[in-house]
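Please read it alongside the sequence and the structure shown here.

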Amino acid sequence: MNKKWWKEAVVYQVYPRSFKDSNGDGVGDLPGVIEKLDYIKSLGVDVIWLCPVYDSPNDDNGYDIRDYYDIMADFGTMADFDQLLEGIHQRGMKLLMDLVVNHCSDEHKWFQESRKSKDNPYRDYFIWKPGKNGGPPNNWQSFFSGNAWEYDEATDEYYLHLFTKKQPDLNWENPKVREEVHKLMKYWLDKGVDGFRMDVISVISKRNFEDSPYKDFNKTIDNVYANGPRVQEFLQEMNREVLSKYDVMTVGEGPGINLESGLQYVSSSAEALNMIFHFGHMFMDHGPGGRFDPKPIDFLEFKKVFRLWDEYLKEEGWGSVFLGNHDFQRIVSRFGDDGAYWKESAKLLSLLLFSMRGTVYVYQGDEIGMTNVAFDTIEEYDDVEIKNAYKEWKAEGKDLDQFLKNVHINGRDNARTPLQWNDAEQAGFTSGTPWLKVNPNYTAINVASQEGDENSILAFYRRMVAMRKEHPTLVYGDFAPIQEDHPSVFAFWRWDEEAAYLVLLNFSEETQEFGLDDRFDSSKLRIVEANDFDFGEPQSGKVKLKPWQAVLARVR
Ligand code: ISL
């Protein structure tokens, strides 16, 4: 196995808007992150992935960039950024920046120019088309509701925006656009950043502009938007021109990246990216109507996704292991039990993350078991995806109470409420009024109350990070499921020449008797980590798992 620092790294994702506010304006900021660097370091992680901090009018919380060479005023200044980067490096950590180049803001000077006239030198930086039969050029839907084309009176044409209308898609067919992207990447790499997480990189190459034949939006993503004909070529060019000149890590994000297309991004022969975020397990509870049409997670399918991706990437690529981020629900509410078994299930999910093959990503707040939130009114929400979908439901006369219920389950703001630092007012996040309300459970769930408590979720995450470093087999070793059709237990083993481990995760609130075949003599298993060490009397051929019990045992 070809060893690399980024394969062994544990990444901690910071959503700066919600992390720590230093000046009382209610918005998290860079000095806030600086203030908490020792906390991040104390987790034992190696890399911080910082969500976008570039100048932005914040239509989509920084994923709409107005100036790639400047810092968002809400977050601070370039001097703050430089200090942050230095602080990260001083502590022996690395910084992964978010690179958002499928689109920029409509307030970016490129777009301001582009919309002026058809012969403007920036016209082809974006995707403009004449309308068809008095309407938009085709039937494409935006990820954030409505048609993906916006009419612009000045030139009587439409521009493409796969996300909000304030996020026009850049035209990657234009070599000048690609040069601009390379240039801005170099600017940040020369400053010393250690890599990029590439936002929706799967959709940069547009296929053609024919109507989508699918009613199911997920199918449109997979077959119409994602993995276009030139995506690999564009990334190879980026690798040649920029990435290969630095020792950096890259992870491409992508709706629509699947078990047929993934390797073109990450195989060693592709010479494109190091890793990808696929969404096999993340879109599982999205019905045909997308996120606000939730359906239950099929546990057997959930397990299968991990196995299939491990198999797919093991020879030629490298995986990234994550269960949540700023776009999805809180992991304990989604995959665990945020009620009676909150603590046990949060630890179980942590054990799952840290015992899979691939680079591990932890989203801020998951290390203390933060949960989903359920606000009573639409006004309390901020996310543009939620707001746009609400307007659409309203215009269509659909049931708005149901909509709010769906938001409680699946809305992105679940993961964006401020980080709960302590039980003081506003959870210690801000001395002002937070931009998004604090989850009311902050008095019970917060960092301060878990510090110093050996039994806490926080302590468990710290142990997991350390454990992973002590047992490299968990990073590089082989993976195979055990009894994959078991309806409640996720069981697998990991091994190489050095060692072998067994992982047993009871995803249910019932005690499970789990039979073990001859490969695993239960009387000889040595427990390395567990959320509950009380494992019952060893019995030959089987183990008894308590509700939500999670065990990592050494086999040899
Ligand atoms: O959450 C989704 C929609 O329901 C996903 O499809 C998500 O939009 C997609 O994974 C892309 O996410 C990334 O790009 C978006 C931005 O809003 C997200 O925050 C970002 O992670 C547009 O830049």
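Two residues are taken to be in contact if their C-beta atoms, placed from the backbone, lie within 7 Å. The model described below is a predicted one.

Leaving aside residues up to four places away in sequence, Leu96 touches Val11, Val47, Ile48, Trp49, Leu50, Asp194, Gly195, Phe196, Arg197 and Met249. Leu96 also belongs to the largest nonpolar core, a set of 149 residues in which Val11, Ile48, Leu96 and Leu505 touch the most other members. The element that gives the most to this core is helix α12 (residues 342–354), which supplies 8 residues.

## Overall fold

The secondary structure of the protein chain amounts to 17 helices and 22 strands. Because its radius of gyration of 23 Å is close to the 24 Å that the globule rule gives for 556 residues, the chain is as compact as a globular protein of that length. The C-alpha trace spans about 80 × 50 × 50 Å along its principal axes.

Of the 556 residues in the protein chain, 51% are buried. Among contacts with a separation of 6 or more, 66% are accounted for by residues 24 or more positions apart.

## Domains

The domain assignment divides the protein chain into domain 1 (5–103 + 175–381 + 419–463), domain 2 (109–160) and domain 3 (478–554). The C-alpha centres of domain 1 and domain 2 are 29 Å apart, and the contact takes 8 residues from domain 1 and 8 residues from domain 2. On the side of domain 1 that touches domain 2, the residues comprise 3 nonpolar, 2 polar and 3 charged.

## Tyr39 and helix α3

Tyr39 is found in helix α3 (residues 37–42). Since a residue counts as buried at 20 or more other C-beta atoms within 10 Å and as exposed at 12 or fewer, Tyr39, with 17 such atoms, is partly exposed. Although Tyr39 and Val447 are 408 residues apart in sequence, their C-alpha atoms are 9.7 Å apart in space.

## Surroundings of the ligand

Which residues are found around the ligand? They are Asp60, Tyr63, Val100, Phe143, Phe163, Asp199, Val200, Pro255, Arg291, His326, Asp327 and Glu385. By class, this shell divides into 6 nonpolar, 1 polar and 5 charged residues.

Definitions and conventions: Residues numbered from 1 in each chain as written. Predicted model: local features only at pLDDT ≥ 70, side-chain atom pairs only at ≥ 80, totals over all residues. Near = placed C-beta within 6 Å. Nonpolar A, V, L, I, M, F, W, Y, C, P; charged D, E, K, R; others polar. Core = buried A, V, L, I, M, F, W, Y, C linked by C-beta atoms within 7 Å. Helix = DSSP H or I, 4+ residues; strand = E, 2+ residues; numbered from the N terminus. Rg over C-alpha atoms; globule rule 2.2 N^0.38 Å. Domains from an automatic or database assignment.
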